Amino acid sequence: MKNAEKFRRLVDETKELILEEETKEFRIGKLLRIKDLPIVVIGDLHGDYMSLETITKRIESEGECEKVVFLGDYADRGPSPLDVYERILKMKCSYPDGVFLLRGNHEASDFIEFRPHDLPWHIKNAYGDGWKEIYRSLIELHKTLPVAVIVETRALLLHGGISPEITLKGLEDPTEEELETILWSDPSDYVKGTAPSNRGAGMLFGPDVSFKVLDKLGVRYLVRGHSPVTKGYKWDHAGRVLTVFSAKYVYGLESGAYALITPMDPFIEIRTF
Ligand SMILES: [Mn+2]
């Protein structure tokens, strides 16, 4: 059996660090503003430790990044959610101003139900009796996570999507409705405005919504995760919305991907593995 106390301490330490972030000038409410480039953007991991290891090894060997942003959805589905957590929480603790963990819909179990949610089972299996306290600590950590990043003139980073009503204020201090939109929505090239999503939460948003909101925020791209895509990345909305998905092995994808936000036009490079 693994050491429950040690893991819980790591979760609680990370939570304190992220709470402290709220006093820093690069964070306003739930929104981060990152200036240093390049930024590595890693999509959904869903308990896929092998994919995470592949990506971190490559980032380290290429030595090309200033910051790392994770787009959320760390657990559920894959075999190693606790290894994923341990790794990303340690990264956050080692580089508090260099590594950022965003909230995905799988980090919002206090708020909207979703399936599969096997994280509690994995905690129970690994830590036995003390599992509830660990799970509770993780839920508390999830609530502190920021939901979006703005990289000035370049990109908006978040887990799911946007609606025509999303404003800067909505990213900084989202209402429950806005949080649902941000964590659950998906782009569609076949929708004008918005349409209901068959996920049962969030919505589908069309190119007109992306153009309007991104222009208003003064950025060229939306970079998001949330949808498994065959090559690990997919462009939508006339090249202004990029999906990156990093859980290659768990989803059996042709390739997994992560993205780099770079100083030079066109500001985005894609890496596949
Ligand atoms: Mn998701």
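**Helices and a sheet**

Modeller: This is a predicted model. Let us begin with burial: helix 7 (residues 176-184) is mostly covered, with 7 of its 9 residues buried.

Biologist: Which residues of helix 7 are buried?

Modeller: They are Glu178, Leu179, Glu180, Thr181, Ile182, Leu183 and Trp184.

Biologist: What do the buried residues of helix 7 pack against?

Modeller: Their partners are strand 6 (148-151), strand 7 (153-158), helix 6 (168-172) and strand 10 (203-205).

Biologist: At what angle do helix 1 and helix 5 pack?

Modeller: Helix 1 (residues 4-21) and helix 5 (residues 131-144) pack at about 15°, and their axes are 9 Å apart. Because angles under 35 degrees count as roughly parallel, helix 1 is roughly parallel to helix 5. Their crossing is left-handed.

Biologist: Which residues of helix 1 and helix 5 meet?

Modeller: On the side of helix 1 they include Phe7, Val11 and Ile18, and on the side of helix 5 they include Ile134, Leu138 and Leu141. The residues of this contact divide into 8 nonpolar, 3 polar and 5 charged.

Biologist: How should I read a sheet?

Modeller: Strands of a sheet pair through backbone hydrogen bonds, either parallel or antiparallel. Here, 5 strands form an open sheet in the order 5-4-3-14-15, with mixed pairing. Strand 5 (99-101) and strand 15 (268-272) stand at the edges; each has a single partner strand, so one side of each lacks a neighbour in the sheet.

Biologist: In which sense do strand 4 and strand 5 pair?

Modeller: Strand 4 (residues 67-70) pairs with strand 5 in the parallel sense, over 3 bridges. Val69 has Phe100 in strand 5 as its bridge partner.

Conventions:
Residues are numbered from 1 along each chain as its sequence is written. This is a predicted model: local features need pLDDT of at least 70, side-chain atom pairs count only at pLDDT 80 or more; totals for chains, interfaces and linings use all residues. A residue is buried if 20 or more other C-beta atoms lie within 10 Å of its own, exposed if 12 or fewer, and partly exposed in between; C-beta atoms are placed from the backbone. Helices (H or I, at least four residues) and strands (E, at least two) are DSSP runs, numbered from the N terminus. Two residues are in contact if their C-beta atoms, placed from the backbone, lie within 7 Å. Axes are lines fitted to C-alpha atoms, for helices over the stretch in contact, and angles run from 0 to 180 degrees between N-to-C directions. Angles under 35 degrees count as roughly parallel, over 145 as roughly antiparallel, 65 to 115 as roughly perpendicular and the rest as oblique. A crossing is left-handed if the near helix is turned anticlockwise from the far one by less than a right angle, and right-handed if clockwise. Ala, Val, Leu, Ile, Met, Phe, Trp, Tyr, Cys and Pro count as nonpolar, Asp, Glu, Lys and Arg as charged, and the others, Gly among them, as polar. Two strands pair if DSSP finds at least two bridges between them.
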